[in-house]
Amino acid sequence: MTSIKDLSSILKSVQKPGRYIGGEMHSIVKDKENISLRFALCFPDVYEIGMSNLGSRLLYHTLNQDPAIWCERVYAPAEDMKAQMEKHGIPLTAIESGEDVKAFDILGFSLHYELCYTTVLSMLKLAGIPLLSKDRKEDEPIILGGGPCAYNSEPMADFFDLMNIGEGEELLSDICHLYMQMKADGTYSRSAFLRRAAAEIEGVYVPSLYDVTYNEDGTIAAYTPKFPDVPKKVKKRIVKDLDKAPYPDKLVMPYIETVHDRITLEIYRGCIRGCRFCQAGMIYRPIREKSPQTLCKAAKCLFENTGYDEISLISLSTSDYSRLRELTDLLLEWTDDAHVSLSLPSLRLDSFSEELMQKISSVRTGGLTFAPEAGTQRLRDVINKNVTEEDLLRSVRIAFRGGKSSVKLYFMNGLPTETYEDIEGIAKTAKRVIDTYYELPREERPSGLGVTVSVACFVPKPFTAFQWEKQDSFESLIKKQSYLRGCITDRRIKYNYHEAKVSFIEAVLTRGDRRLAPAIAAAVEAGAYLDAWEEGFSFDRWMRAFASAGVDPAYYTTRGFGLDEVLPWDVIDCGITKQFLKREREKAYKGETTPACSEHCSGCGASALGGKTRWCK
Amino acid sequence: MVQVKNLPYITLRFKFYKKGALQYISHLDLVRTMHKIIVRAGFPLWYTEGFNPKPKLIFGAPLSIGCESDCEFLDVRLVERMNESDAIAALNQNMTEEMQVTEAYYTDGKFSDMAYLGYDFRFSLVDGTRALESIAACLEREEILIKKQGKSGKEKVMKTVNIKPQIHSAKVYADGEEICIRAILSADPASFLNPEHLVSVLKNECGILKEENLAKESYSILRTDAYKKDLSPFV
């Protein structure tokens, strides 16, 4: 068998050949004679992106702790390498062994973004594995998926054998152990394994074990399990105590530069906020924090084993970590002397302080990013952002005084109830940031002011208060974007916005059901690959694919879903109750806010999942 | 250790090889990787001054992608002397087997004394006999021309450059099935010759390594030695 690694002439002909060679420090190579299960952790994007993914790092470490399992990494080859592989008949191989992934036991795909779906299917094609679950033979690998998109993976249901709902650390191990046990006692067959996994392991969703029926108007009538031992609803799996969860002590050290080339320290899971547009804020609940001691120990160990000069404290909203001061104090005891800087992405406007600012700028400077999300207080209340313009101006004042001259502001267009006044508010807010800069005495502000306004398009996501909302049409979004451009008159404001047509396709895929599968396959057939990249994305190709499969994209986007409609993701129980989401939706329309978990428990339902939490009642 | 301003430093020079798959790692990526390796190795590093202190690493002639080497040099500035063999062991533990240090010594020498680099090229070709003659003829020409991106004022333009003066010597011979070239090329920063340029000339002029033969034909380049101006070994 030929592996890419042996083909020097091809490696010399492609961009960044370092993506394909493996052999990195701390990558794990095992003796395959002593292995019971070969697992391929597949990331449907290029090496630099995949290597930066924290979830993949965690699972790589966790699975490889088991001496019976060898977990290897697989990334999507870039377009130029893919073309060479197709031309010369080179199959998709794993980084560590260089061996054909088709011979593996399980392929686990990280579904981190809907636009990676076409890359998943293209990778299966490169591997020579049938796309449809029902076409796979007994000796072909089990294809499973996990990650945020798994919460509504219905558009991919026909392609996957099994979906992981929730956190993978324990769930994946359970799946692997059932597989090894059934192989060892001779009871393994694809169908027997999938059936037992669905029936016995919490968090396993096997799409093929459900019948889906539809009403005359095309809406879903029901999801019915085919067997009595298959759960009606699949409950999300969580890690109960994060202090006891495995965390890597070493990181695979990429030779080439990756997107997040640093130590990432996950400080907690979940989010106390509850912004009504945010899916991550719901699906990762309940909030579970790690202790500063656990984190500091992990950080020190990772620094010694990697030599990185930056530690990033990762979570959905880092300044909401209840013991942040204790943690940063502990870290700063040694990081300054070791020439290591701390970075705290995801800071909130209302909890940003001078003290925090000094801690992160003690070694290095750079810009700061804040997310007011909407341009007026009215709309910020609708989305439950719970920050005020005063919070923003106070924060940027601290940032400017602390020597940061560039500030990036994130907003969204197309939010429910948005008016042109709200859009104009974005421009006004940015202008006030500039005014705040000039209000400071000259000696207190750094030179080179830069304000960037970055505006995304709202996509109504499953498991949010806005899951029933209609998406703004892309024509309307494009109009709003150009209106905003007209409102921004100050040359010092840089204005970026997301492509509305990309958000439209994203909405179809995130809200879609099983009837989308032929359209996704058609897009792949037409060459869709690395869709998440601007140069890989083609709106017209997607529209042709929908048309060829008889899918009306408006049905999933601008139509909106009825409050009593069966939703494609109703088969999944992520812990958050529908009643809570409906309550939140009503409050949104009344412009009422909901306090953070730390102030008051609003009874979202996630506490029923258990877990060592601080705030749930 | 917090560094006081203007600490004196001493320079420890390492000679190392970089082979196998690591030939696909660019010089810039090697620099980034090496920074992390020396931090892991726990050396008493000298840091640059200023707001963003960094250890000071100085590399010898950069090695292009697709080129292996037995002969790479790295200077590391230290604030205190450490035993050379301990330094070698500490670095090697923190590198993979395709990149290992072979020598370490303290020096005041400069990389600007490096005038030439020696390379071994090996080609595995479909029709070696024919290629041998045509490569030999190509290398003997008075002028060996390549097209290169250059600048005319601010504009980017394609320039034709004669690389013959940058080739000190080049001998071609057959070794079993393989065609080999032993070449000594200029390492002077002003007239540094990337060995890949030589391969691209042969690709264009001798009909080897054509796109359709990429899975059948291959070549390797190994940097073997470094020389001073008088062709004595560079140390």
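In what order do the strands of the open sheet of six strands in chain A stand? The order is β2-β1-β3-β4-β5-β6, with mixed pairing. Before I continue, a word on conventions. This is a predicted model, in which local features need pLDDT of at least 70, side-chain atom pairs count only at pLDDT 80 or more, and totals for chains, interfaces and linings use all residues. Residues are numbered from 1 along each chain as its sequence is written, and chains are lettered from A and ligands numbered from 1 in the order in which they are written.

Let me return to the sheet. Strands here are DSSP runs of E with at least two residues, helices are runs of H or I with at least four, and both are numbered from the N terminus. Two strands pair if DSSP finds at least two bridges between them. At the edges of the sheet stand β2 (69-75) and β6 (204-205) of chain A, each with a single partner strand, so one side of each is left without a neighbour in the sheet. Strands β4 (residues 142-146) and β5 (residues 162-164) of chain A pair in the parallel sense over two bridges. Within this region, G145(A) has M163(A) in β5(A) as its bridge partner.

I turn now to helix α19 of chain A, residues 578-590. Its 13 residues reach 19 Å from first C-alpha to last, close to the expected 18 Å; the expected span is 1.5 Å times one less than the number of residues. Which residues of α19(A) are buried? They are L581(A), E584(A) and A588(A). Buried means that 20 or more other C-beta atoms lie within 10 Å of the residue's own, exposed that 12 or fewer do, and partly exposed in between, with C-beta atoms placed from the backbone. Seen down the axis, the buried residues of α19(A) fall within an arc of 60 degrees, so they line one face of the helix; the arc is that of the directions from the helix axis to the C-beta atoms. These buried residues pack against α12 (377-382) of chain A. On the other side of α19(A), Q579(A), E586(A), Y589(A) and K590(A) are exposed. After the helix comes G591(A), with a positive phi near 70 degrees.

Finally, the two chains. In all, 25 residues of chain A are in contact with 26 residues of chain B, contact meaning C-beta atoms, placed from the backbone, within 7 Å. Helix α1 (residues 8-11) of chain A gives the most to chain A's side, with four residues.

Note on methods: Contact = placed C-beta atoms within 7 Å.
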